[in-house]
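Reader: I would like to go through some labels one at a time and hear what each rests on. Please give the value, then the criterion.

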Amino acid sequence: LEEAQRVAAGLAGVEGAEIEDAMLVLDTDPERAAEINASLVAAGVRVSELRPLARSLEDAFLELTRGETV
């Protein structure tokens, strides 16, 4: 995971690469999945799964309100 994180963090368009719960979580456009996968494989990283993460309702609310409370 650490090698995958290092490779992914250096890719254009990847805003963040964090390891969470034994997964590499990337902050990027999900439509770049094939490109990211190819880059990881070319670097010798085996990829077992790629999938977009759904935001929680709380995350969506905070994004819409920019963290402001009522």
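This is a predicted model: local features need pLDDT of at least 70, side-chain atom pairs count only at pLDDT 80 or more; totals for chains, interfaces and linings use all residues.

Reader: What makes β1 and β2 a pair of strands?

Author: The cut-off is at least two bridges between the strands. Strand β1, residues 16–20, is joined to β2 by five bridges, so the pair meets the cut-off. The two strands run antiparallel.

Reader: How many residues lie between the strands of the hairpin?

Author: There are two residues between β1 and β2. Aspartate 21 is found in that loop, and alanine 22 also has its place in the loop between β1 and β2.

Reader: Why is aspartate 21 called exposed?

Author: Exposed means over 50% relative accessible area. Aspartate 21 has 74%, so the label applies. Alanine 22 has 65% relative accessibility and therefore counts as exposed by that cut-off.

Reader: Why does arginine 32 count as buried?

Author: Buried means under 20% relative accessible area. The value for arginine 32 is 16%, so arginine 32 counts as buried. Its place is in the loop between β2 and α2.

Reader: What makes the approach of arginine 32 to threonine 28 a polar contact?

Author: The limit for the pair of N or O atoms is within 3.5 Å. The side chains of arginine 32 and threonine 28 make their polar contact at 3.5 Å. Leaving out residues up to four places away in sequence, arginine 32 touches Ala12, Gly13 and Val14.

Reader: Is alanine 12 buried or exposed?

Author: Alanine 12 is exposed: its relative accessibility is 61%, and the label requires over 50%. Alanine 12 lies in the loop between α1 and β1. From C-alpha to C-alpha, alanine 12 and isoleucine 36 are 9.5 Å apart in space, and they are 24 residues apart in sequence.

Reader: What is the volume of the largest pocket, and which residues are closest to its centre?

Author: The volume is about 760 Å³. The lining has 25 residues, and those closest to the centre are Leu24, Leu26, Glu49, Leu50 and Arg51.

Reader: Which elements give two or more residues to the lining of the largest pocket, and which gives the most?

Author: The elements are α1 (2–9), β2 (23–27) and α2 (33–42). The most come from β2, with five residues.

Reader: How do the lining residues divide into nonpolar, polar and charged?

Author: The lining of the largest pocket has 16 nonpolar, two polar and seven charged residues.

Notes. Residues are numbered from 1 along each chain as its sequence is written. Side-chain values use heavy atoms; hydrogens and water are left out. On a 1 Å grid over the protein atoms alone, a cavity is a set of points where a 1.4 Å probe fits but cannot get out, and a pocket is an open set with protein on both sides within 12 Å along at least five of seven lines; lining residues have an atom within 4 Å of a point. Grid points are joined across faces, edges and corners, and a volume is the space filled by probe spheres set on the points. Helices (H or I, at least four residues) and strands (E, at least two) are DSSP runs, numbered from the N terminus. Ala, Val, Leu, Ile, Met, Phe, Trp, Tyr, Cys and Pro count as nonpolar, Asp, Glu, Lys and Arg as charged, and the others, Gly among them, as polar. Buried means under 20% relative accessible area, exposed over 50%, partly exposed in between (1.4 Å probe, protein chains only). A polar contact is a pair of N or O atoms within 3.5 Å; within protein, one must be able to donate a hydrogen and the other to accept it, and residues adjacent in sequence count only if both atoms are side-chain atoms. Contact means heavy atoms within 4.5 Å.
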